[in-house]
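Here's a quick briefing on one helix and a handful of charged pairs. Have a look at the model first, then read on.

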Amino acid sequence: MRELVDRLFRTGELTEEEFRRLIRHRTKETERYARDLACQVREKNYGNQIYIRGLIEFTNYCKNDCYYCGIRKSNRNAQRYRLSQEDILECCRQGYDLGFRTFVLQGGEDGYFTPERMEKIIRTVKETYPDCALTLSVGEKDEETYRIYREAGADRYLLRHETADEEHYRRLHPRSLSLEHRKGCLRTLKKLGFQTGAGFMVGSPGQTPETLAEDFLFLKELNPEMVGIGPFIAHRDTPLGGELNGTLQDTLFYLALVRLMLPDVLLPATTALGTIHPEGSELGILSGANVVMPNLSPVSVRKKYMLYDGKICTGDEAAEHLENLAERMKKIGCRIVTDRGDCRRSALRAF
């Protein structure tokens, strides 16, 4: 399997069958080798710099009913909330003072936040903080809505595809949602000039080496600027609440493969990774990740944005504890930087 890791590093490509073989038959030695190599690739492209994103979870209302998500519309136990524009700007102010130069507005697909409302919020944030990047993560929209966001000043857009396999997608989502439409949204975002992020859950129910191979091939085809992958963690109030969680070992290996396949991609060590292991952020960085996303949301609502059980939101992953996070990164030879942290598409593959 080591030769497949080497080929992925050299060329950035494997066939579908090769991905299947690598995933199905990997060994612990292969995992260590891939993670070490991915760490070297990260250092070649980004040095020891770790980018921080200020995460603002501004609404947990959602019109969708995804079977894995704690804020699905059918979860009557969810405590719903929305932040006002003033609340969002106050989060940005606090984040800017702490050194954040990217803000991530994340929320469910909430009809209250019309294109007009979002346009006003985006313009106000960008006019107030012109040296900052603004990322949106608010789900599937039509092309005109995405264009409004882009023209208002949004720089990036996160829309995880979750799985690139149609049968697997149906196991995770209701019939009202479509994998074809999801992929179409991602291609539209790329066309409009967003720095675009896709990604998938690790260990979600029904995931196999075959479905994972499709994920990697889709990511290679899309060539996104960002990839977000993290372990599936069940939420008790969802149809998949009794399923097993994804594992640390799998997540770290797939992070490494993404880094080897897309050497200049922006790759977060996700909150979910930190939820399943106390050193998840560090282990993610040492497997090729180069982004962390501390929570800037008001403390009063953080526990309400519960996508999965046990989601961490008030420890070192919280923005107010940024110094602690910086110290943890320092211990593994990395440093948090005050920077927009754009994708470096010009970085060289070889070293």
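Which residue forms a salt bridge with Glu 143? Arg 147 does, with the closest N and O atoms 3.0 Å apart; a salt bridge here is a side-chain nitrogen of Lys or Arg within 4 Å of a carboxyl oxygen of Asp or Glu.

This is a predicted model, so local features need pLDDT of at least 70 and side-chain atom pairs count only at pLDDT 80 or more, while totals for chains, interfaces and linings use all residues. Residues are numbered from 1 along each chain as its sequence is written, and side-chain values use heavy atoms, with hydrogens and water left out.

**Helix H6**

- H6 covers residues 143-152; helices (H or I, at least four residues) and strands (E, at least two) are DSSP runs, numbered from the N terminus.
- Its buried residues are Thr 145, Tyr 146, Ile 148, Tyr 149 and Ala 152, where buried means under 20% relative accessible area, exposed over 50%, and partly exposed in between (1.4 Å probe, protein chains only).
- Looking down the axis of H6, those buried residues sit within an arc of 155°, so they line one face of the helix; the arc is that of the directions from the helix axis to the C-beta atoms.
- Helix H5 (115-128), strand E4 (133-137), strand E5 (156-158) and helix H8 (179-191) are among the elements covering the buried residues of H6, with contact meaning heavy atoms within 4.5 Å.
- After H6 comes Gly 153, which has a positive phi, near 125°.

- An α-helix has 3.6 residues a turn, so residues three or four places apart point the same way.
- Glu 143 is partly exposed at 28% relative accessibility, and Arg 147 is partly exposed at 27%.
- In helix H7 (residues 166-172), Arg 170 and Glu 166 are also 4 residues apart, about one helical turn, and their side chains meet in a salt bridge (3.4 Å, N to O).
- Arg 170 is buried, with a relative accessible area of 17%, whereas Glu 166 is partly exposed at 41%.

**Other charged pairs**

- One salt-bridge network, built through shared partners, joins Lys 126, Asp 155, Arg 156, Arg 340 and Asp 342.
- Arg 72 and Asp 65 pair up in a salt bridge (3.4 Å, N to O), and both residues are buried.
- The structure holds 27 salt bridges.
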